[in-house]
Amino acid sequence: MSVQLRFSITPTTPKTATNIATTSKEEKFISFLPHSGLHNQRIGLINAMILAKSLDRTLILPEMNIGNAIWWRPTPLADYRLSECPSIKQRSNPKCHDFTKYVPVSVESIFDLSAAHSIGIRTVQRSSMSQDYFKDVYRAQEEDIYRVQDSDRYSYRIYDSKDNDQSIRTFRYRIDMDDLRERDEKFMLFGSLHYTLRLALQDPNLVWLAKYLREETSISHPLVIKQALSVLPLLGGPDKFIGVHLRQGDGFFKKLMDETVNTLRATLEQSILEPESIVEQQLIGTPIATRPLTTEEEDKLIALKQVDEANPIDKISLLNKCVHWHSEDNHPRLRLIFMATDTRQPRTTLKELYDEFPCIFTLSDFPNVIESTLTSGPMLTGNKEVDEEFIQLGSRISPLLLPMIDAEIASHGSSFIGTRKSTFSQYINHRYSRFQTMYHPIEQTLPLPL
């Protein structure tokens, strides 16, 4: 069966900052200061786009960091760090210790904003993160800028109306969009806009907009799309395997490593993998009894183990056998699974999981894809600014694309099992939901007017 997928990988070219400044005198702008990992930055970006639409302001896009995460810091320190720390001259500065693997890129070199642009969200890419940016580019004075102070990690929660009585949760104080609309300053600059719950929304238009942007604002780097599409046929095609994301390599997730793996195992042991049952199982954490293996299924597991042991390095023979035997009626242990993970040497580290589910595959089982990613030159999009950026970055960006390829492949599964509290899993799940509407079209609810 031939499956053709359509992807938008050519960014929409917004107006330049110079043109906006000289031709649109009444234009007002909004921006924010990103931090943490790429998918946390994406959440902040989506929240910023919702605010830009609601407040009728043009969003000045900050640079996105696709390297190692940098920490949240209060303003104005966050502003200073993004301005000064990327310089190699600042590497010994104690305020910049987490910038050693900071790789800034423009938003549209990584994320597809065509869906946002199609519904009238205006954006312009910030040309630098200099603290003097607004003065240098727009000739703005300090009184032209409304700075929303971000003194705590959970400083403010932003409400779409004054009659919205949702809980403030862990945030310190509320900000109402009604009050923001009354601000006359040309520029509105937030600190952090990260956290899914940052915006308290009850307006049906904005609730729809948030869901729409979370599903449509996707990684669009052309090499990521190309490499993912090269792996999918080897897995039998999209919607023919179970997608998994297992995060356990750092911080909070490393401490919960054993618990996370046990929860994944218990979830994979379920006979039926529906979104509701997956969430329920992850909350329960205890295994649910499955039917016993048939004699034929036991024979297949033995055969798969023999194929695996006969080819300890090259897993293509094992993959082909798993694809050939894959069926929705199989016992859970015979499921075909693609697992996106930051686990090093997963077949060794997660041996017990592989022993139970021999048809688990990760990107490391496709060495040709990894090698070609690491050695590929820049894939050009036709957008001059983005292509120049790709050329300038060269091969430095290539290793950073591997987790994105992982995510793209996993999102094409027939079911998806993520890691609780992981924003990377949240991203894959939104992407998965988007693809499911393509593979299993149903009557869609029309967008509300915005």
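Predicted model: local features only at pLDDT ≥ 70, side-chain atom pairs only at ≥ 80, totals over all residues.
**Helix H3**

I started with H3, residues 77-84, and asked which of its residues are buried. The list reads Ala78, Asp79, Arg81, Leu82 and Ser83, so charged side chains sit in there along with Ala and Leu, going by the class rule. Then I looked for what covers them: strand E6 (145-147) and strand E9 (187-189) are among the elements that do.

**H12 against H13**

Two packed helices are described by the angle between their axes and the distance between the axes, and I looked up both here. H12 covers residues 295-310 and H13 covers 316-325; their axes are 9 Å apart, at an angle of about 160°. Anything over 145 degrees counts as roughly antiparallel, which is why H12 gets that label relative to H13. I noted the crossing as right-handed. On the H12 side the contact uses Lys300, Ala303, Leu304, Val307 and Asp308. H13 brings Ser317, Leu318, Lys321, Cys322 and Trp325. Sorted by class, I get six nonpolar, one polar and three charged residues.

**H18 against H19**

Next I took H18 (residues 402-410) and H19 (residues 423-439). Their axes come within 8 Å and cross at roughly 40°, so H18 is oblique to H19. This crossing is right-handed. Pro403, Ala407, Glu408 and Ala410 make the contact from H18, and they meet Phe424, Tyr427, Ile428, Arg431 and Phe435 of H19. What is the class make-up of this contact? I find seven nonpolar and two charged residues, with no polar ones.

**Aromatic pairs**

I moved on to the rings, and the count comes to 15 aromatic pairs. I looked up Phe171 with Tyr195: the centres are 6.4 Å apart with 70° between the planes, an edge-to-face pair. Phe171 is in the loop between strand E7 (156-159) and strand E8 (173-176), while Tyr195 is in the loop between E9 and strand E10 (199-200). That puts the partners 24 residues apart in the chain. Are these two buried or exposed? Both Phe171 and Tyr195 are buried.

Then I checked Phe416 with Tyr432, which is tilted, with 6.5 Å centre to centre and 35° between the planes. Phe416 belongs to strand E14 (residues 415-417) and Tyr432 to helix H19, 16 residues apart. Phe416 and Tyr432 are both buried too.

My last entry is a cluster: Phe29, Tyr133, Phe134, Tyr138 and Phe187 group into one aromatic cluster.

Conventions
Residues numbered from 1 in each chain as written. Heavy atoms only, no water. Buried < 20%, exposed > 50% of the residue type's maximum accessible area, 1.4 Å probe, protein only. Helix = DSSP H or I, 4+ residues; strand = E, 2+ residues; numbered from the N terminus. Contact = heavy atoms within 4.5 Å. Axes fitted to C-alpha atoms, helices over the stretch in contact; angles between N-to-C directions. Parallel < 35°, antiparallel > 145°, perpendicular 65-115°, else oblique. Left-handed = near helix turned anticlockwise from the far one by under 90°. Phe/Tyr/Trp six-rings, centres within 6.5 Å; stacked < 30°, edge-to-face > 60°.
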